[in-house]
Amino acid sequence: MPMQLISGAVGEGATNAIHDVALVQAILMKITRPPRAVTGIGAYLSSYNGVYGASTKNAINAFQTDYVFASANRLQSVPNPNATAGEVRPGDATWAAMLAQVATDFASMHVLTGGKTVYVEATAAQLQTKIVQANALTFTTVFRTKVRACINEMHARHGIAVGVCDQGDRRTFQAQYLLLQKVPSVTHAGPGESNHNYGMATDIGFAGLRWLHADGAVDNNEKSWLHHLTAASASEANRFWDALRTVGTSAAVGAFRGPLSDRPHLQNWNDATVSMRSRLAVHLQASGSMRWSHASDGYRCDLGFGGALYPVGTAAQIWNLAATVTAANITQARAAAAAAAPPSPSAPRPPARPPATAADATAMRQALRDQFDLSDANWQNWTAN
Ligand SMILES: [Zn+2]
């Protein structure tokens with residue numbers, strides 16, 4: 001793509017939209033005055049901020065003196081019918097002269113509408129690297145297509161090569177469990193309770209975004225989470241997150257956002273009405289051999305006896321072999337199952353089993369964990385409804 005075109009005029013009495021002023025300023029920072037210029041030496045501007053003021057006014061005038069209203073040898077001033085003194089208009093002679101003079105490395109710069117942070121367009125090779133990386137990660141086939149579409153669409157619309165953040169693809173239940181243990185806390189979701197556990201959610205970030213600091217220096221080491229830009233201006237960083245959300249949820253991509261505060265997050269379903277815990281209970285039941293539900297106090301399970309559901313604790317407890325099931329629950333579940341069994345006319349009812357022991361409870365904790373393992377292995381078949 002060529003340089004992003006300004007949306008309106010910049011100069012004395014012009015519209016001076018912040019993004020247009022910022023882009024014109026950035027270009028004037030990357031143009032060196034011709035040798036022996038009467039207007040001075042070096043670049044036309046030494047910093048940019050999106051605000052049209054005296055230094056920008058002087059820079060535009062000086063540039064026009066040197067390159068727009070000057071003869072080829074710059075020895076005399078000449079009129080230029082396609083330029084306006086003191087103003088840069090979209091596509092006019094002053095704009096064309098700026099594009100002709102700007103340093104090659106900065107020949108394609110962009111700025112988001114309403115913003116003032118100018119950045120250098122990502123190359124086709126940088127885009128390809130992000131695509132290759134996304135292809136190597138774990139997602140369902142359908143969602144991977146959306147991840148790629150999001151990456152491509154961000155480049156097509158904005159010239160940015162976004163990519164999947166670290167741990168932004170499918171997380172195993174064990175990875176989720178480890179994430180839950182982190183201090184300070186980064187998630188409330190236990191194993192199987194995160195939208196990242198099923199290959200249908202991602203975190204996308206801006207690692208490598210080459211934006212220009214106020215002094216024109218290119219940031220060559222930006223992080224996925226825009227740590228550098230956020231330090232400079234949180235509102236400018238949010239503009240990039242908003243652009244990502246807009247593209248991710250566009251018809252061209254078709255993903256959904258998660259919580260608003262989770263800015264890099266995109267997923268394959270609209271979770272406005274989805275309880276991840278209730279869906280895990282459904283997924284556990286579909287993947288294994290026990291019946292499950294989720295209540296406000298945690299999960300409940302029939303312990304494989306087909307009768308009433310007993311409280312067994314949180315997903316993290318079950319995963320950690322610390323389910324809250326008791327020997328008394330097992331005794332009760334067994335007795336209910338025996339009582340419910342249809343009486344056989346040929347055989348007498350078997351004698352009641354002795355009460356369950358602590359060892360039985362330990363074995364049951366392992367059996368519950370086994371059901372979670374089956375669900376983890378069956379991740380591709382999870383559904384949101
Ligand atoms: Zn996420």
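Guide: Contact here means heavy atoms within 4.5 Å. The model is predicted.

Visitor: Which residues in H5 do Leu127, Lys130, Ile131, Ala134 and Asn135 in H4 meet?
Guide: Contact needs heavy atoms within 4.5 Å. H4 covers residues 124-135, and H5 covers residues 141-158. The partners in H5 are Arg144, Val147, Arg148, Ile151, Asn152 and His155.

Visitor: How many nonpolar, polar and charged residues does the contact of H4 with H5 have?
Guide: Residues on both helices take part, including Leu127 in H4 and Val147 in H5. By class, the contact has five nonpolar, three polar and three charged residues.

Visitor: Are H4 and H5 roughly parallel or roughly antiparallel to each other?
Guide: Two packed helices are described by the angle and the distance between their axes. The axes of H4 and H5 come within 10 Å and cross at roughly 170 degrees. Angles over 145 degrees count as roughly antiparallel. H4 and H5 are therefore roughly antiparallel.

Visitor: How many residues of strand E6 are buried?
Guide: Strand E6 spans residues 201-205. On one side, Ala201, Asp203 and Gly205 are buried. Thr202 and Ile204 are buried on the other. E6 is largely enclosed by the rest of the structure, because the buried residues number five of the five.

Visitor: Which residue in E9 stands opposite Thr202?
Guide: E6 pairs with E5 (residues 163-164) in the antiparallel sense over two bridges. There, Val164 stands opposite Ile204. Three bridges join E6 to E9 (residues 265-267), again antiparallel. In E9, the residue opposite Thr202 is Leu266.

Visitor: Which strands stand at the edges of the open sheet of three strands?
Guide: The order is E10-E11-E12, with antiparallel pairing. Each edge strand has a single partner strand, so one side of it is left without a neighbour in the sheet. The edge strands are E10 (292-295) and E12 (310-313).

Visitor: What is the bridge partner of Ser293 in E11?
Guide: E10 and E11 (residues 298-301) pair in the antiparallel sense. Four bridges join them. The bridge partner of Ser293 is Arg300.

How values were computed
Residues are numbered from 1 along each chain as its sequence is written. This is a predicted model: local features need pLDDT of at least 70, side-chain atom pairs count only at pLDDT 80 or more; totals for chains, interfaces and linings use all residues. Side-chain values use heavy atoms; hydrogens and water are left out. Buried means under 20% relative accessible area, exposed over 50%, partly exposed in between (1.4 Å probe, protein chains only). Two strands pair if DSSP finds at least two bridges between them. Axes are lines fitted to C-alpha atoms, for helices over the stretch in contact, and angles run from 0 to 180 degrees between N-to-C directions. Angles under 35 degrees count as roughly parallel, over 145 as roughly antiparallel, 65 to 115 as roughly perpendicular and the rest as oblique. Ala, Val, Leu, Ile, Met, Phe, Trp, Tyr, Cys and Pro count as nonpolar, Asp, Glu, Lys and Arg as charged, and the others, Gly among them, as polar.
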